[in-house]
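Biologist: Before I plan anything around this protein, I would like to go through how its parts meet. Could you show me the model and let me question the terms you use?

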Amino acid sequence: MATSNSSEGLDVIIVGAGVGGLYAIHKYRQLGLKVRAFEKGDDVGGTWYWNRYPGCRCDVESLEYSFSFSPELDQEWKWPERYGNQGEILKYVQHVADRFDLRKDIQFNTTITSATFDEKTSRWTVTTDKGETITAPYCLMATGNLSTPRKPDIKGIDSFKGKTYHTGLWPHQGVDFTGLRVGVIGTGSSGVQSIPIIAKQARQLTVFQRTANFSLPAQNSPMDPVKEAKHKAEYPERRAGAVNTPFAIAGYPPPTKSALEVSEAERNATYEKKWQEGGSISFLYAYTDLLTNKAANDTASEFVRNKIRSIVKDQETAEALCPIDHPIGTKRLILDTNYYETYNQPHVKLVNIRNNAIAEITEWGIKTADGKSYELDVIVFATGFDAMTGAMKEIDIKGSGGVSIRDKWKDGPQTYLGVMVAGFPNMFMVTGPQSPGVKSQMIFSCQQHVDFVGDMIKYARGRQMRRIEASRMAEINWVQHNNEVANSTLYPLANSWYMGANIPGKPRIFMPYVGGVQNYVAKCNEVVQKGYEGFEMSA
Ligand code: NAP
């Protein structure tokens, strides 16, 4: 039977206690709002709570990938490595929750199953998997972009007698692969990061690769104390400067030349330097046009393919690992540690399933279309997520007139600034589709969205406006702008999760805003200056 969880005086229901939800608790409290967050897991952390697969590490440097709202925290937190691993980042997020006393406003182990807008009261009512109902004027979906893991729909998947794991739902106690025959399906970031570590334990590792991806060496290392001290001294300028950059990360001088303006020798020397430095931003920022001009991009793509050919000894395997179906950077560029080197180990085998798909998972392993069988003890699904829209669509969200978000987005997401959806008043998103979220330093974008929404609520309340809604026209224009920006780049050339291409039947719409954080924030500022242009407010 449904019970009513006290909603007394509650202003904002927050769905999710990852980095976006946590910052919202902190920020909205400061604005004098009463908040409560609901979190599926038994602790904070979102992505960093669920993705515990071996080798899981952020692809943004640890000194950057952190909250910026507390200068004391910036100075006091010590990151042990250049790139934070899952455990370190989770520890940091837990520290933030404790330090700012955020847990008291979080209900853990609770999944929000529905959210319904009441036209008469202008309030949202959410229900939980425990049968509770909670109401509040505002609902903030801090549900994450890569939070709905998906196993592929392969014949016989449930018949396998061994163990199966999904990288995005990894057991807390870890997995011991010692002496086992392991199959990994998927070679996106999760597969590429976990494969070298699994190979260290497994007796035999078979990687089933449908699409080869570009990966660069992270060049991870213990934190350099000199670099750390310098970065910490520069934090105020770096944090402030992030807003004027495409990816919300300061410290990378913008490129000035086309890749086609310089000689091949100069280009390759530049790419080599960036390869040795490590990091994807630095690499993709080598020239002005790597993401807009196919011929320019080809030079960088070929440089990486040649690296793969030089690292991987077996030439057939090397060629299979060379991505040929998309320009570098148009799928999330991966950072790895010893990924390509792993294939030089005799117990590691790559099975190219591009033209020889997995036909079936049987009781004892995997069968490919050519009739070959691979006996396995464990299958690891590194097969990704129903990205960007999956988490919202899992909740039965009904806006004005009972319209469902699933119907509204059946041909692809439609939002205004990735923050609101027309027809869903008083419901806000943190880094929703058509925002730069996943194409930026995520924590920056989470904070920017939470701030933008908080300021808008304050503005509306100050004018006795209880209802805020994105106008349909503003939404149409923003979606169109988003598409135009994407189409002026090479991004749509890849079958990526940015396009919804990894989920069979999902509409193919380019979802993130790729016009750059600096342009997006400028647009948000202009909207504010014009009295929240495109948002309709009423009593
Ligand atoms: P992903 O990039 O979507 O990769 C999924 C992989 O599974 C792809 O290789 C895909 O092949 C394969 N796959 C899916 N269905 C398949 C099927 N039926 N048969 C065979 N192969 C199949 O997922 P992910 O690696 O989990 O990464 C998702 C995103 O999470 C990343 O792009 C990144 O943004 C984020 N992430 C970041 C980090 C980091 O910060 N370092 C780490 C992990 C994840 P196709 O390409 O052919 O579809």
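Biologist: How much area do domain 1 and domain 2 bury between them, and what share of it is on carbon and sulfur atoms?

Modeller: In this predicted model, domain 1 and domain 2 bury about 3,400 Å² between them, with 55% of it on carbon and sulfur atoms. On the side of domain 1, Tyr53, Arg82 and Leu490 lose the most area to domain 2, and together they make up 20% of what that side buries.

Biologist: What makes a residue part of the contact, and how many residues does each domain give?

Modeller: A residue counts when heavy atoms lie within 4.5 Å across the boundary, and the contact takes 38 residues from domain 1 and 45 residues from domain 2.

Biologist: Why is the pair Arg332 and Asp59 called a salt bridge?

Modeller: The closest N and O atoms of Arg332 and Asp59 are 2.8 Å apart, and the rule asks for a side-chain nitrogen of Lys or Arg within 4 Å of a carboxyl oxygen of Asp or Glu, so the pair qualifies. Across the interface of domain 1 and domain 2, the rule finds 1 salt bridge, while the count of residue pairs in polar contact between the two domains is 18.

Biologist: Which helices and strands each supply at least two residues of the side of domain 1 that touches domain 2?

Modeller: They are helix H2 (47-50), strand S4 (57-61) and helix H17 (517-529), and S4 gives the most, with 4 residues. By class, that side of domain 1 has 18 nonpolar, 11 polar and 9 charged residues.

Conventions
Residues are numbered from 1 along each chain as its sequence is written. This is a predicted model: local features need pLDDT of at least 70, side-chain atom pairs count only at pLDDT 80 or more; totals for chains, interfaces and linings use all residues. Side-chain values use heavy atoms; hydrogens and water are left out. Buried area is the accessible area (1.4 Å probe) that two parts lose on being put together, summed over both. A polar contact is a pair of N or O atoms within 3.5 Å; within protein, one must be able to donate a hydrogen and the other to accept it, and residues adjacent in sequence count only if both atoms are side-chain atoms. Ala, Val, Leu, Ile, Met, Phe, Trp, Tyr, Cys and Pro count as nonpolar, Asp, Glu, Lys and Arg as charged, and the others, Gly among them, as polar.
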